Amino acid sequence: MKYISTRGQAPELSFEDAMLTGLARDGGLYVPAEVPTLNHADIAAMAGLPYEEIAFRVMRPFIGETFGDSEFGEIIEKSYAGFGHAARAPLKQMGPNHHLLELFHGPTLAFKDFAMQLIGQMFQVALKRRGDRVTIVGATSGDTGSAAIEAFKGLNAVDVFILFPNGRVSEVQRRQMTTPSESNVHAVAVEGSFDTCQGLLKDMFNDLEFRDGVRLAGVNSINWARVLAQVVYYFSAATSLGAPHRRISFTVPTGNFGDIFAGYIAKKMGLPIDRLVIATNHNDILDRAMRTGRYETGKVLPSISPSMDIQVSSNFERALFDAYDRDGAAVAQLMDELKSDGGFSISQGARETLAEHFDSGRCGEDETSAAIAQALAETGEVLCPHSAIGVSVANQNLGTSPMVTLATAHPAKFPDAVEKATGIRPALPARMADLFDRTERLTEVENDLARLQTLVKERIQA
Ligand SMILES: *Cc1c(COP(=O)(O)O)cnc(C)c1O
């Protein structure tokens, strides 16, 4: 199994190297040279199996020689052992033909745990075998950083530094980053905004001497291994609802297009998915692109669904690559236009290909609050704002096939927005009820690259 870049100019890599590299050298994203398929009988046999077993069968064809079978089985077991639900990704019914896929039973209460837990275990095993060690630095507005710290804590082949904007993440998110006591994880509160953190991160990667010196690695959502981990729950949900004997649709609260792109991969593998519906908040670049054919960035507007507040949707490049018949030069040209002009027009042929798989809808701020209140009134379900956007857009796209909406975070992660919409302040699950009593540990830094680099070097030698 080989991986190629969406811009066609980077070397082909194995699964292991694509995972450890993240971004391709030509600026593109890695995708499998060919997506392996599962036949009708393979898929039918998944119905009712434990999540871990489905995970093995779905991901095995993608990892090539990187892990042996028993090794990979152990990695998967470890990854999901800390989840608070035996089904890992349970389904709940929202209406006659509408289901909610709860992806928030992991250690940090958001769907990012599914991929981050797995990638943590895979990094550890691969690096140990190489006798290698890396330093992971990430910038976060909340969910990614907490998931990364939780996933990599205590693993001795990695140090993790997470930069977050001081005072600008929710208290639950901050405590999830600052309360783990393992010495290889470092929560760094930066004076500034999320953009300040991302700028510092970029500068660290662009300083090649520093980059090579500390063996810098990234685990942001463009890492192929993260997409792969998310393919699994499309299979577990669809087979629970009657696939492959009937077609299933999905609605996905979308920011960087990683989660919904995993659904597209599931479809290419042979899972009979009817529609994949992109749901955005008022940062609606993807909904506009689908409706008008023009991908045009604007200013990021804050919202009550902050994990979807983006204006450049990185993983969309992977969908464009297929829509342009895997023409890397064409994709590279679009990305150059995006950089120079702030947008590009999607060709008619590519628009038609995208429309074969994807629908889209947007949900504004007031509609999101209304959707939280409505779900509570109709079903007793308390939704987080991101999941409510999914449910609201799904309700406008119901058809004959069962609809599954991905619930991407637990409501207790966004208690203020939920309380405002419903009057109810959602409580943390019992297993983390002591989060507010645990000791916090963080380092505060100014927006100063040199000081941050010194901090990283000192800590990894300690
Ligand atoms: C990251 C995130 C999203 C967006 O997922 P993408 O893969 O970036 O499209 C949606 N909801 C929540 C709660 C998230 O943390």
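A hairpin of two residues connects strand E3 to strand E4, where strands are DSSP runs of E with at least two residues, numbered from the N terminus. The model described here is predicted, so local features need pLDDT of at least 70 and side-chain atom pairs count only at pLDDT 80 or more, whereas totals for chains, interfaces and linings use all residues. Residues are numbered from 1 along each chain as its sequence is written, and side-chain values use heavy atoms, with hydrogens and water left out.

E3 covers residues 91-95 and E4 covers residues 98-102, and the two strands pair in the antiparallel sense over four bridges; pairing requires that DSSP finds at least two bridges between two strands. Within this arrangement, Lys92 has Leu100 of E4 as its bridge partner.

Turning to the ligand, 15 residues surround it, and the closest are Lys112, Asp143, Gly255, Asn256 and Thr408; a residue is near a molecule if one of its heavy atoms lies within 4 Å of it. The shell comprises five nonpolar, seven polar and three charged residues. Here Ala, Val, Leu, Ile, Met, Phe, Trp, Tyr, Cys and Pro count as nonpolar, Asp, Glu, Lys and Arg as charged, and the others, Gly among them, as polar. An N or O atom in the side chain of Lys112 lies 2.4 Å from an oxygen atom of the ligand. The backbone takes part as well: a polar backbone atom of Phe257 is 3.1 Å from a ligand oxygen atom, and for a backbone N or O atom of Gly258 the distance to an oxygen atom of the ligand is 3.2 Å. On its own the ligand has 380 Å² of accessible area, of which the protein covers 96% (Shrake-Rupley method, 1.4 Å probe).

The structure holds 20 aromatic pairs, meaning rings of Phe, Tyr and Trp (its six-membered ring) with centres within 6.5 Å. Tyr295 and Phe344 form a stacked pair (planes under 30 degrees apart), with 4.9 Å centre to centre and 15° between the planes. Because Tyr295 lies in strand E11 (residues 294-296) and Phe344 in strand E12 (residues 343-345), the pair ties together parts that are 49 residues apart in sequence. Both Tyr295 and Phe344 are buried, that is, under 20% relative accessible area (1.4 Å probe, protein chains only). Elsewhere, ring pairs link Tyr51, Tyr80, Phe83, Phe114, Tyr233, Tyr234 and Phe250 into a cluster.

How values were computed. Polar contact = N/O pair within 3.5 Å; in protein donor to acceptor, adjacent residues only side chain to side chain. Phe/Tyr/Trp six-rings, centres within 6.5 Å; stacked < 30°, edge-to-face > 60°. Buried < 20%, exposed > 50% of the residue type's maximum accessible area, 1.4 Å probe, protein only.
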